[in-house]
Amino acid sequence: MGFFQRVIHFLRGDSPLVVRKVFQDSVEIPTALRYLYGVEVVSYTEIIRYVSGEVVEKLISMKEMGVPLTLYMVITKEKEKDGLFLHNIYYFSFSKELLKTFVSLVGQVHFRWLSGLEIANLLRRFLFVRENLRIDRFEGKMIRGIDFFQKKDEVEIADRFYRVAKEVPQGEDIKVFVGGNFLGGVRDWETIFRLPFTGVIYFTFDFGKAEFLVKDKMKKASKLRKVFLEMKTDIEERKRFFGSVDMVFFTRDKEADRYVASLFQDLGFIPLEKRFGRDMFVKCLPFMVRDLDFTFLVESDELAKYMLYSFEKNVYPERVILYGKNRFGSYVGFNPFEEGDNPHGVILAPSGAGKSFFIQNLISQILRIDVKKVFYGESVWAKDHKVRIRHFDKGFSAELFYKLLKERGYNIGILEPRIEKLGYNICEVEREDDLEFSLEVVNVCLSALKQEPLKGFERPFYTKALRELYRDMKKRSYVMTEIEFLYQNERLREVYEKLRRLGYEDGDYIGDIKEKEFDFLKQPVIADVIRILKGSQDFTMGREEREALESLIAKLEILSEYDMISVPSQIDFKAERLVYFDYEFLQEHTLFVPIVLGILKKMVYVDKFVGRTEAEDDVVFYFIDECHNFFRNPYFHTALNILIREARKYRLGVYFSTQNYDDIPPEVLTNVETRMFLTPQEFTKKQSYLRGLSKHVGVDLDKTDLAKLYYLLPQRVLACWYAKGVFSVFLDVDEIKLRVFDSYRKEIELPEGKVLKKSMVVEEERERRVRESKRKRR
C-alpha cells in the first residue's frame, strides 16, 4: 500500500491497522512509534500469579530513560466446537527496552519472544476476533490451523494485510466494550477464567503519564482538585507510584450480554458498549486508538494485579498422551515421557473418590477409545496408535472393560489368573542384567516366607553360581534330562504332552529340543545353583565365608520346596497391545509377589526388546492397582527398579495406584515425577489427606502449587503434580462409561444381547455346577 493511499484512507477515517513490514523480532505498523514487539506468556502450572508492585515501580522509574512506557496485555479466549476453550496471554510494546526489562524482572522462563511473523499473524487474529479451533482426537492435540501469513509472504505482507484489514466486519458482527468506570482493581481472576466468554481482552498499561493524567483529571473534576493535588505531590516526591490502565473487550459472541457485566466487574470496571466510533476501534485495535476518558490512574500494587505471568498449563508436548479440560474449561495436554526426567507416576485416590472408574477412563483416553462407540460396535481399532497398556488389576474392577474390548476385536491378552497355571523360575536368565534381578527376587521370596534375606558374602556367592550356569548351558540339569521326566511334574505335564504330539520320544533329551518355544526348559533352576554352590566349598575359605555359603545353601533349599518358583515355568506372553491381568485369586498365595514380578519381567523384556519399534509414540504404560499388596514386601521395590532401568530410553512408564499414600514408600513418592490426585468433596478431608501426605514424604505440601490447586477442585477431578507444575483434568463421563467402568457390576449386556461376565461370576457358576453334579451322583 503506497503513501498516497494511506493518506486518503486516513483522511476518510477508515485507516485500518496495517503491518507495513515484518522484521525478525517486530513488525512495523502505522503509528508514530512504528515498531511493535511481543512476548507470549509461557505457563507450566495452573496457578494464577501476577507481578509484584515492585516490578511496576521499577517500570515507572524507567521514565528517566526517555523510552516509551506503554505496555499492552492481551488475553485471548477461543472455543473449539465440542466446547473446549483455549486461553493465551501476550504482552506487546513499542519499546523493546521496556519489554526486555519487564521480562527480566519477572523471569525469562515465563515468556517466549515472538517473531515478527508471529506478531503479524496474531494481529490478523485480533482483527477477526475468532479462530476455527479443533481437537485432533487421534493425536489429542488442539489444532488452530495454518497461519495466515507464511515466511514466503514477507515481501508482500503489507498489501495482503491491508486487504485483510479491509475485510474486518462492520455493523454488529463484532461488539466492543470498554471499561467505562473504574471500581478499584481486580476482584477474582479465578472467576474470570471460568466465565464462558470468547474474544480478546486488551489492557493498556502506561507507566509514564501519571502526572499528565492527574492534571487532566484536575481540569475535568474540580470538586476533587484537592485529592488530585495530593496525588500529584506524592508522585513528584516518589511517596507513591501510579500508572494507568484501560480495558477493551472485543467479541463476536451473540450471547455476550450474559457475562459481560460479570467479566468487567471481576476485573474492576463497569462495562460500556462502544457504539460511536466502534468501527474505528475494530479496525485499529487499541495499539492505534486510545480513549483517555476511559483511562484510569491506579497505584502500583493494584496495577500489578492485572499483569499475569502464570494462569494455566499452556505448554503442550510434541506428542500428547493425556488430554482433557481443566477447571477453567480449557484444553490441557500432557506427556510424562516428554515433560519430566522419568515417566513413572502414582495415582492416589481416597476412598470414594472413584479410583477404579478414573483409571479405566484414563486408559480409554490414552488409547483414544470412544467407549460409547465400542459398546455399540461402531468403533474401529486405530492401528496407527502405538500406545500399549499392561494393567495389573485387583478384584476384577476393570475386567468388563477389557472383555468388551476383546469382544469388539481389539488386540488384547487377558492372562489366566489361576495359581495352578502360573509359576516363575526365579533363576531364569536371558541377559546379564537378569543376574541382579534374580538375586532380588530371591530376597522377595525369602521375605514372603519370613526368612532372612541374602546378605554379606551370600549375595556374591549366589550371583557367581548363577553366572556360571548362565555361561555354560551344559551345567544346567534340565538340559541333560530326558523328556519323560517332565511328566512327573504336574506343572510341566501339558508341555510333555505337547512335545509327544510333536514326535519327541520319552528318551529324548530336553537339550535336543529344537523349537524355540521350549527354550524355557533349558534355563537353570534352584537345584542347579545349589549343586554349583556345594561343589564350590573350599577348606581355604575363611570362617565367615564358609558360614555364608552354608547359610545360602540352606535358604535356597527352603525355596526349592516350592515348585512354582523352582522348576522351569512358562508364562505365555506375546506383544499384544493391551494386556489385562487380575491377581485377586493369586494374592492369597504366599509367593504371589515374586510370581507377579516374574510376569512383569516377561512383559518388560518383550516390551523392551521384542515388540518395540523406534516410533516416538510407541510407549508402554504399566498400571499396578492396589500396589500396597506389593510394597508390603520390602524387596519388591528394589527388584522392580532393576526391571525398569532406562525406562525413558525404552519409553516405558509404571503407574502405581492406591487409596492411602502410606501404602507407597516415601522414596517412591518423591522420585516419581507424575503424581495424580483424585479429590474428595469435603475441604476438611482434602486438608487431612494432604497434611498426612506431607508428613509421610517429609515435605510441607501446603506451601506448594499442589495444595493451591487441590483445595480449589471439586470432587473426582484429577490434580496432576508433575515436574514443572500442576494442572487439573476433567475426563468426560457418560451413561455408557458409568455402566462399563462400574467396578461393582458383575456382568454387562451388549446391545446385540450377549452377556459379558466377570471371572469371579464364571468361577462361581462353575463351582455351583460341580456341586450340583456331585449332589446328583449321590
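**Strand β6 and the cysteines**

Strand β6 is covered on both faces, with F85, H87, I89, Y91 and S93 buried on one side and L86, N88, Y90 and F92 buried on the other. In a regular strand, side chains alternate between the two faces of the sheet. In this predicted model, nine of the nine residues of β6, which spans residues 85–93, are buried, so the strand is largely enclosed by the rest of the structure.

Two strands were found to pair with β6. Strand β3, comprising residues 35–41, pairs with β6 in the antiparallel sense over four bridges, and within this pairing E40 stands opposite Y90 of β6, a residue that is itself buried. Strand β5, comprising residues 70–79, likewise pairs with β6 in the antiparallel sense, here over nine bridges, and K79 stands opposite F85 of β6. In the hairpin of β5 and β6, five residues lie between the strands, and G83 adopts a positive phi near 105°.

The cysteines were examined separately, and the structure holds zero disulfides. For C427, the closest cysteine sulfur is that of C445, and because the two sulfur atoms are 9.4 Å apart, they are too far from each other for a bond, a disulfide being a pair of cysteine sulfur atoms within 2.5 Å. C427 counts as buried, at 1% relative accessibility. The sulfur of C627 is likewise too far for a bond, because its closest cysteine sulfur, in C720, is 17 Å away. C627 is also buried, with a relative accessible area of 0%.

Technical notes
Residues are numbered from 1 along each chain as its sequence is written. This is a predicted model: local features need pLDDT of at least 70, side-chain atom pairs count only at pLDDT 80 or more; totals for chains, interfaces and linings use all residues. Side-chain values use heavy atoms; hydrogens and water are left out. Buried means under 20% relative accessible area, exposed over 50%, partly exposed in between (1.4 Å probe, protein chains only). Two strands pair if DSSP finds at least two bridges between them.
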